[in-house]
Structures are given as structure tokens and as C-alpha cells.
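Trainee: I would like to go through the terms used for this model and ask what stands behind each one.
Mentor: Go ahead; each value can be set against its cut-off.

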Amino acid sequence: MVGGGTPDTTVKSYWGGDIQWFTPSEIGKNKYVDFSKRTITRDGLDNSSAKLLPLHTILLSSRATVGECSIASNECTTNQGFQSLIAKQCNIDFLYYLIQTKKKDLIRNACGSTFLEISANEIRKIKVAVPVQNEQEQIAKLLSLIDERIATQNKIIEKLQSLIKGLIDDIITLKCGQLVAFETLYSKAGEGGTPTTSNTEFYDNGSIPFIKIDDLSNKYLSANKDYITELGLKKSSAWLIPTHSIIYSNGATIGAISINKYPVCTKQGILGIVPNTNIDVEFLYYFMQSSYFQKEVERVVTEGTMKTAYLKDINHIKCPIPDLDRQKEISHFLSVLSLKEDVERQLLQKYQIQKQYLLRKMFI
């Protein structure tokens, strides 16, 4: 079991080398990981607590996001949010699936106030049942087939996303329409707020959908995890955002976006934007994903405890907006591809459910 580390981010010579350096957010989507978003140099490795991990190491996240894992396809390193596993007398693929069945145990044994973290010692204490080598290989072979299909499905979705993004940028340019200030596109907009978490009256048996950034993963917001009460809504800066509005994250993670299918409220760092009658909500959704708009938002981001794009600054962004008929024409064209992406996501979800079912049935 091997921890990780982060080279000094102020020393340029430590970064941009040929050594892959993974963070927890890059782990768990696919069985194998090849390339990390950031890389470090040999000097960065030598001058930090990061360790060079061999091929086929299981990268196991142990901080903030606990229990996510992938297998390294190359030598690599990680930041300190890992306790990575190097197999000894065990089939590496079997060990990868085995540790996934222990995610609840990993989270249960984690601790921390700012974020959860599990230590190497706590991981070592977790009891596991390991069959003979031949049975390990058979279990791993079956589950690997499903993982291959999941990886293929992820690639299909990524290609669709790339196609949609390219088309958005081709269509939405400065020549798209008349330049108007963003504040003229909506009738009402504002951030949400979080009711005091220590007051159970604000949350227990709540019926008002309370949206967090994790909920903004699809075009349409049609389900969520958290709720608050009427009292929680009244005693906070949260407000009820009507159906068919834009829900846009403007703090910490900037740019996550959805269209709500039902009235919701949001935490701070997420904007609710109610479009004017002459603005098609679908067009606005695509426009706010365009490279043009994203670059303009980047210009007004304020650095602080966390990065924030304040509405008062977004309001002044000049937006090329065509007439309503043209807006609907553009959004209809792009929606066809978005629908295809949604179908592929639903198929991916079914494969993931099937995998979880087999993990529960095949491991004690």
C-alpha cells in the first residue's frame, strides 16, 4: 500500500514532465487509466512524497472521495489523496473488483471534519474473503467483459459530447446575432443559499428539491438527492426557481449546467436563471456551453477562497443572440444529438447496475 504526494506547485521545474500524476477526480470512471491531466518531472518526484508506482497498480482514492479505484496502465504517481495497492499473491483484476465491494467499509472507517479520509492502517484492517487462484481468474474474466463494454460506452458518450461541443462553437459565434448584455436575457436570476445544517427543522421530511453541483450532470434536471423544508427555504437566501429555467454553477466548479424539469432551489454557488419570453431556454442552455461564453466568464472570475463568477459581472457579458425563431431552429438541431447522448447515458447506467449486481452476488 503506497501513499502519494504533491510537488511544490510554485516550482515550475517540477511540473509538465513525462510522469503521470493522478488526482482522485480522475479515478473510477473506467477500469484502466492511461494519462493524467497533469504530469510531473523527475525533479518533482524526487522532491516530494510522491512515489513512482509500477504498471497495474490499483489507484485507490482515500481522501475526500473515498473508495474510487482504477488500474494504472503505465508507471505513474498520485497526489496524497490515495492509498494505492500493489498486488502480491492475488490476481490483479480480482483484487480490483474485490476492493470495489468494500467501498462502504472504506467510507465507514474514514474520518475527518473538512473531508473524509481513511488511513492505510484502517484499510489494512478490512477483512476480505479470497478464493483460490482459478476462481479469482474466472470471476475477474466475467467482470472484465462488462468493464470493457462500460469503457466502450464511455467513449461513445465522449465522442458525442465532443461533436455537440464542436457544433455549438461552429453555430454560436459573434456573427450568430445581435450583441446584447447577458442581463437582458432573463426576467429573474440569483444564487441560492444553504439553510443552517445543524437545524433539523430545515431538512427533516423536506419536500423542496435542494440542488447541489453533483445534480447538474445531465441536460435536464429530472431527479435530485437532497430536500429542504418550507421553513428552511424561508430562513435562508435560497429561492424557488420555476420549471424550465437554467441552473448554472458559478462557484468552485464553474460551468455545470442543466434545465430544471420541476421547481427547485439551490445552494450558494449555483445560479437560477429564468429566461425572458423572447429567449428559448434550450438555446440559452447551449449558448452558455459555447467556448465564446465560457471564455467571457473566465475573464470575470474572481479569485478567493474559491473561484467565483459573480452574476453582477456575468451580467455585462455581450452575447450574440439571434431572433426567437432562429434560436428554436438552433436548439432543435442540437437537441437531436443531446437526445442521442441521453440514450447512451441510460444504456451506460444499465451496464453499471448490472456490474454492481454481479459484484454483490459473486463476493461474500
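Mentor: Ring pairs link Phe-182, Tyr-186, Tyr-248, Phe-283, Phe-287, Tyr-292 and Phe-293 into a cluster. Keep in mind that the model is predicted.

Trainee: How many aromatic pairs are there by this rule?
Mentor: The count comes to 10 aromatic pairs. One of them is formed by Tyr-96 and Tyr-97, with 4.9 Å centre to centre and 70° between the planes.

Trainee: Why is the pair of Tyr-96 and Tyr-97 called edge-to-face?
Mentor: Ring centres must lie within 6.5 Å to pair, and planes over 60 degrees apart count as edge-to-face. The values for Tyr-96 and Tyr-97 are 4.9 Å and 70°, so the pair is edge-to-face.

Trainee: Are Tyr-96 and Tyr-97 buried or exposed, and how do you know?
Mentor: Buried means under 20% relative accessible area. Tyr-96 has 2%, so it is buried; Tyr-97 has 0%, so Tyr-97 is buried too.

Trainee: What makes the pair of Phe-287 and Tyr-292 tilted?
Mentor: The centres of the two rings are 6.3 Å apart and the planes stand at 45°. Planes under 30 degrees apart would be stacked and those over 60 edge-to-face, so the rest are tilted. The angle of 45° therefore makes Phe-287 and Tyr-292 a tilted pair.

Trainee: Why does Tyr-292 count as buried?
Mentor: Its relative accessibility is 18%, and the cut-off is under 20%, so Tyr-292 counts as buried. Phe-287, at 0%, counts as buried because of the same cut-off.

Trainee: What makes helix α2 mostly covered?
Mentor: Nine of the nine residues in α2 (residues 92–100) are buried. Among them are Ile-92, Phe-94, Leu-98 and Gln-100. The buried residues of α2 pack against β3 (32–33), β5 (58–63), β6 (65–72), α3 (103–108), α5 (133–171) and α10 (324–362).

Trainee: How much space lies in the second largest pocket, and which residues are closest to its centre?
Mentor: About 380 Å³ of space lies in the second largest pocket. Of the 15 lining residues, Leu-85, Leu-95, Leu-98, Ile-99 and Val-128 are the closest to its centre. Helix α2 gives the largest share of the lining, three residues. The lining divides into 13 nonpolar, no polar and two charged residues.

Trainee: Is Lys-175 buried or exposed?
Mentor: Lys-175 is found in the loop between α5 and β9 (178–181). Its relative accessibility is 83%, and exposed means over 50%, so Lys-175 counts as exposed. From Ala-151, Lys-175 is 24 residues apart in sequence and 39 Å apart in space, C-alpha to C-alpha.

Trainee: What makes Asp-325 exposed?
Mentor: Asp-325 lies in helix α10. The relative accessible area of Asp-325 is 64%, over the 50% cut-off, so Asp-325 is exposed. Asp-325 and Ile-279 are 46 residues apart in sequence and 9.8 Å apart in space, C-alpha to C-alpha.

Methods:
Residues numbered from 1 in each chain as written. Predicted model: local features only at pLDDT ≥ 70, side-chain atom pairs only at ≥ 80, totals over all residues. Heavy atoms only, no water. Buried < 20%, exposed > 50% of the residue type's maximum accessible area, 1.4 Å probe, protein only. Helix = DSSP H or I, 4+ residues; strand = E, 2+ residues; numbered from the N terminus. Contact = heavy atoms within 4.5 Å. 1 Å grid on protein atoms, 1.4 Å probe; cavity = no way out; pocket = protein on both sides within 12 Å on 5 of 7 lines; lining within 4 Å. Points joined across faces, edges and corners; volume = space filled by probe spheres on them. Nonpolar A, V, L, I, M, F, W, Y, C, P; charged D, E, K, R; others polar. Phe/Tyr/Trp six-rings, centres within 6.5 Å; stacked < 30°, edge-to-face > 60°.
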